[in-house]
Amino acid sequence: MRPVYMVSGGISKFAKARPDRTFQAIVKESFDYAMKDAPDLTLDMIDASVASYFSDHFTRQLMAGIMCQDYLGLCPKPSRRVEGGGATGGLCFQSAWEMVASGRADVCIAYGFETMSHVNTWKGNEFIAHASDVSFDYPVGGFYSGYYAMMVVRHMQEFGTTPEQLAAVSVKNHCNAFHNPYAQKRMRLTIEDVRRSPMVAWPLTRLDICVMSDGAACCVLASEEMAKKLTDRPVYVRGVGAGTDAMRMADRPRDDVILLPTEKKSDYKGLKYPGVHSFRAGRTASKLAYKHAKITDPLKEIDFVELHDAYTSSEIQTYEDMGLCKYGEGGKFATSGATFMPNIDYGLKFPDKKKVGAIPVNPSGGLIACGHPVGATGLMQAVFAFWQLQGSVKKHLKDDTIQVKDAKVGAIHSHAGTGTYVTVSILERGF
Amino acid sequence: MAKKQNPDMNDPQDKMEETEEGTVLFNVPFPRDLKHLKDMSPIIIKQPYEIIYIHSYGQDSPFFAALANKRLISTKCPKCGYTYGTPRLHCMRCGAECDWFELPQEAKIHTFTICHFGSQAFLSQCPFILILVEWEGVNTLFLSRLVGADPAKASLEWVGRKVKARFVRNSKFAPTDVYFVFAD
């Protein structure tokens, strides 16, 4: 495998509905932005692409990938669509990485989209719930927010996590997005606002849950030689990892924790893992990505994380899967301030000021505030991480409040419900 | 039928057959100058989409036959001993073919939630309670509904509470043919 670099990226403004454009034209917006940001890149230099969108139901169009390919003017170059629920974008990014790493392409584009406004929210919930076993799960009351609520109830029972700790994640991500013009929801909230918002699936309120969205994102990956030609601020893809778990939550085993180098078996006496409180796929993806990137202590060696916070609860569960804290400590970690931006006033008090901003998580605002146009989401995370590592947040967002100072290493984490496919990729400043 | 004189001439009878169902919009605005077309608002139409699937439960069919007989069954691996709360014919651990066994009708709540919102198909049932059911000595769980509990009184104390199975009188051959109620 040869080294792979990200050289450019683009995102369409995420919105509740984009009736003014079809999906191809929304992808084109993100693609054009990426092309413009790498002015030396021309269409003929692109060798291949990978397309990412989750649901044929939302699009009501099969083979939508090829329709983006032709709209972007990339035919007859090789392309394929990848799909893996909410992790579709992350899988797409890694597929494009493989195209370049293997030598099949010197420049490969990863583009993705979702247009979820074409049906009502409750019909959208139904479409999403079809990503659960249609014999045993969907007919019982298929609803993803319900599934994640059951997981966090078990997390609360097992570890003492509280709804207020979940709410702190919502406050953080919405407030970060206040400085991100690409985000769909830019709000300053209090813990009480989150808890008083309408209950969706106990204990998750509307403000604990991401929203459906129309949007697209695009990443340009290149070999070392091409990266040097295309930009003086490349970002190195230092490691990739992925994992899986059973579709039915009911089927998740209750065994021993898969340990990271920072953990010991004795840390988890009596803990049955992953059960429904943790994501074995997330832990496996992290472990493989860290091994590939030669990271032994993620909390010390990673400067920020863009992770899949479809729910405030899944952000907390993911802190643990990624080893930012130990299993069971996610709730406390969420309110420690470590995952907040050190320069923003969130209206919250943190116990130890020195720990604030140790590892900002979702400085972009994450899915909760940016929106979750599924096929675009994992690529959006890559673009935000790319801008962070380039130090170009101000250029792209016209505001540098959420620029992580001197960011050298970032992690992106993409997750499919209910923890079935997860990818983790480690990006590093390459200049 | 009279033969056409000139084969290239249109026959006035050659018209696409038109019907009048659906919404009809008369007089769609259109600019004189085509350069204004880029300012045009998008045309948004409704398109219905309905499908009837022929869904086979395949190797899981005995589970649904058991529900219709007010019995709960699942599978156990004869090779590694792994026991499933939701049946699967092949063991997820070792790949061996599993055998059917009868589950007790008393169990406990592993976790739960109250759905105040949901998918279109279940909106009219909100709020409803989802639970993952746990049996002693069974390695995996089962997704079901809890009926009869007050959604307003949801609390962590529900986790671990004993429940018992009840069955609908007229089987719909769905996993909701069984549901649970508090047994303590």
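Start at the interface: 33 residues of chain A are in contact with 37 residues of chain B, contact meaning that C-beta atoms, placed from the backbone, lie within 7 Å. This is a predicted model, so local features need pLDDT of at least 70 and side-chain atom pairs count only at pLDDT 80 or more, while totals for chains, interfaces and linings use all residues. Residues are numbered from 1 along each chain as its sequence is written, and chains are lettered from A and ligands numbered from 1 in the order in which they are written.

On the chain A side, select helix H5 (121-129), helix H6 (138-141), helix H7 (144-159) and strand E5 (199-201), the elements that each give two or more residues to the side touching chain B. Helices (H or I, at least four residues) and strands (E, at least two) are DSSP runs, numbered from the N terminus. H7(A) supplies the largest share of that side, seven residues. By class, the chain A side has 19 nonpolar, six polar and eight charged residues; Ala, Val, Leu, Ile, Met, Phe, Trp, Tyr, Cys and Pro count as nonpolar, Asp, Glu, Lys and Arg as charged, and the others, Gly among them, as polar.

Show Tyr148(A), Met151(A), Val152(A) and His155(A) from H7(A) with Ser313(A), Ser314(A) and Gln317(A) from H13(A) to see who makes the contact. That set has three nonpolar, four polar and no charged residues.

Next, pick helix H1 (residues 23-37) and helix H3 (residues 64-71) of chain A, whose axes come within 9 Å and cross at roughly 55°. H1(A) is therefore oblique to H3(A). Phe23(A), Gln24(A), Ala25(A), Val27(A) and Lys28(A) of H1(A) meet Ala64(A), Met67(A), Cys68(A) and Tyr71(A) of H3(A).

Which residues of H3(A) are buried? Ala64(A), Gly65(A), Cys68(A) and Gln69(A) are, where buried means 20 or more other C-beta atoms within 10 Å of a residue's own, exposed 12 or fewer, and partly exposed in between, with C-beta atoms placed from the backbone. Look down the axis of H3(A): its buried residues fall within an arc of 150°, so they line one face of the helix. The arc is that of the directions from the helix axis to the C-beta atoms. Just past H3(A), Gly73(A) has a positive phi of about 80°.

Jump to chain B and select helix H1 (residues 61-68), where Phe63(B), Ala66(B) and Leu67(B) are the buried residues. They fall within an arc of 100°, so they too line one face of their helix. Their packing partners are strand E1 (73-76), strand E6 (162-167) and strand E7 (178-182) of chain B.

Trp202(A) and Pro203(A) are joined by a cis peptide bond, omega about 5°, and Cys126(B) and Pro127(B) by another, omega about -5°. Finish on Asn362(A), a non-glycine with a positive phi near 55°; Asn362(A) is buried, with 29 other C-beta atoms within 10 Å.

Technical notes: Contact = placed C-beta atoms within 7 Å. Axes fitted to C-alpha atoms, helices over the stretch in contact; angles between N-to-C directions. Parallel < 35°, antiparallel > 145°, perpendicular 65-115°, else oblique.
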